[in-house]
Amino acid sequence: MKKVLKDWKKRHLVQILILSCLVIVLCFFGAISYFSKNANISELKNELPQPTVFYDTNGKLASKVSGNKNEGVPIKQVPDSMKNAVIAIEDHRFYQHGGVDLIGTSRALIRDLKAGGMVEGGSTITQQLTKNTILTSEKTLKRKMEEVFLALAVEREYSKQEILQMYLNQIYFGNGTYGIKQAASKYFAKDVQELSISESALLAGLIKAPSALNPYEHMKKAIARRNLVLLQMKKQGYISNAQYEKAQQEKVVLDDKGGDPFRGKFPYYVDQVLDEAIHQFGLSQDDLLTGGYQIYTELDPNMQTAMEKTYQNNSLFPKGKDRIVQSGGVLVDPKTGGVRALVGGRGEHTFRGFNRASQLKTQPGSSFKPIAVYTPALEEGWKITDMLKDEPMKFGNYQPSNYDHQYLGEVPMYIAVKESKNVSAVWLLNEIGIEKGLDSVKRFGIPLDKADRNLSVALGGLHEGVSPLNMAEAFSVFPNNGVRIKAHVIKKIVDAKGKVIAEWKAKKVKVTTKAVTDKMTTMLLGVVEQGTGKAAQIPSRETAGKTGSTQVPIKGINGLKDQWFVGYTPQLVGAIWVGYDKTDTEHYITPTSNTGSSIVFREVMTEALKNKPKQRFNVTHISTLMKKKEEKNRFNLQEKFNNEVQKWEDKWNKQIEKWGKNRKNKNHGNGH
């Protein structure tokens, strides 16, 4: 009897203790629920991380960039099998609790008390979400309490589907993959909506221990975990027995898609687009990396690929001494000003780092002569056959010299251009007046400052300097019949809601006349066909252009600081700069016949125009001009010879006539 009474008291005591604990727990969670109203969950945003997407000139997807490590998927696109698998294994009471599972948490607390530390998770999906986005992963009672407060606040603010969407898009699935979109691609090379029940179960199983269950390294463990998820799905009524059996028997076929092929593609061009969006249209970098914009560009992917491949060919560039010889290049459509391709450097790319195609500021050398000297001279009525001085001379304190120190006394203008005669260019600028040259430079869109008002501007002696983008835009005037359109990369920007927030508006600037540009093209064709730019010849295409270089500004060193080639065909303009980022006594360019800016230009343009129609300039070629001059010279010589013969004949006839008169007079005097 005593034993029965003792057992009865014991049972009632346990029941009383359990009831008391439940009351305490209920009061505890009630207090937590009350105080959680003030929890700050502002860091949690129900936004789908979306990259900014770039489209090429034909409106096709070209590249992506994002500040997020993952890309979001709307919950509507996630198959039920994936949602159910995660709920079954991670939080089977997800739809019943209010953010904190009282039963599960109580069980976890009891186990933690028994173990004497925080060993049991017991976290709901909502708690895991707060831990991954707002809190740290440390296992302390304080952090656990914060997790509970925040989870309750999240449930009040968001629906279950919104919470599940945020969770699936941010949870870590191992192998560097965050979010269900990356996971589906990394493990099965699929879009999320294509996942099977078996594949969904395997991915859901990875969440507990992504590294330990990585199927690429631990396939047996991953399959065992998948089967456990499938079993839970069957027990909880998410799948039938038949579906369970089929999914369990399904072979796991791993396939790494290798990530998004468009993410990070064409990096230098993307840098330029971002830079233009920031400085021309007022967007911030944060906006562009997180806002999910669609940016339509002037990019020609074939030309960009051709340019990038050329820049990877080290044999085309001078060899560097302990540091790489750098370069920047750009291709522009002269009819629209659209930048078709752009590379801002060699070697490893740095996101929004120094872009030598657009941010470089250096002297353009003789490539500046067509802009500062010969165009304004032609506008003033000079002819390309007019003779220019070519002899050592001083202009005040300024004494230019030809690069080869050879002088012919005087040369026709087209020869001065073809052979890049420095003294002739300076002499001609002095003849027409420096103001005419500076005015021309400004019309071509080249920025100047007060320090540039001197005759050295004829040879590209600018105080600040220019970039390949500046030079390509300026030279686009020649194939575009005297009209300049600002070089640009962006057509329009569309925000995440589909609204056009920025659009390029082309403005045409009349720089000079078609008659002048035709004459310039005639002379610049001569540069490539017969002159200093022979190395830039594009097979079977008419190409005009101008070389340029600057000497190392260090006494006793005979080398180049900058090397340029700027040229064009009827449909494309290219500008290439080659040089060190910093020139010193050890780092400068020694020209060779098989490397440098002209060679790079030739290779880039050849590849870029590979599938484009061959077009011709409707202008006179220097060879034709020279042939006509030779014929004229021969005609003049013949005429001169004929005149001399006629003079001699006239003189001879007069002499004979004189002799005849003298003889007649003599005979008359003798009586004959």
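The axes of helix α4 (residues 125–133) and helix α6 (residues 160–170) come within 10 Å and cross at roughly 50°. The model is predicted: local features need pLDDT of at least 70 and side-chain atom pairs pLDDT 80 or more, while totals for chains, interfaces and linings use all residues. Residues are numbered from 1 along each chain as its sequence is written, and side-chain values use heavy atoms, without hydrogens and water.

**Helices α4 and α6**
- The contact (heavy atoms within 4.5 Å) involves Ile125, Thr126, Gln128, Leu129 and Thr133 of α4, and Ile163, Leu164, Met166, Tyr167 and Gln170 of α6.
- By class, this contact of α4 with α6 has six nonpolar, four polar and no charged residues.

**Strands β6 and β7**
- Strand β6 (residues 326–332) pairs with β7 in the antiparallel sense over four bridges; pairing requires at least two bridges found by DSSP.
- Gly329 stands opposite Val343 in β7.
- Six residues lie between β6 and β7 in their hairpin, and Gly337 in the turn has a positive phi of about 80°.
- Strand β7 (residues 339–343) is mostly covered, with five of its five residues buried; buried means under 20% relative accessible area with a 1.4 Å probe, protein chains only.

**Helix α14**
- Helix α14 (residues 369–379) is mostly covered as well, since ten of its eleven residues are buried.
- Among the buried residues of α14 are Lys369, Ile371, Tyr374 and Leu378.
- Gly381, with a positive phi near 105°, follows α14.

How values were computed. Buried means under 20% relative accessible area, exposed over 50%, partly exposed in between (1.4 Å probe, protein chains only). Helices (H or I, at least four residues) and strands (E, at least two) are DSSP runs, numbered from the N terminus. Axes are lines fitted to C-alpha atoms, for helices over the stretch in contact, and angles run from 0 to 180 degrees between N-to-C directions. Ala, Val, Leu, Ile, Met, Phe, Trp, Tyr, Cys and Pro count as nonpolar, Asp, Glu, Lys and Arg as charged, and the others, Gly among them, as polar.
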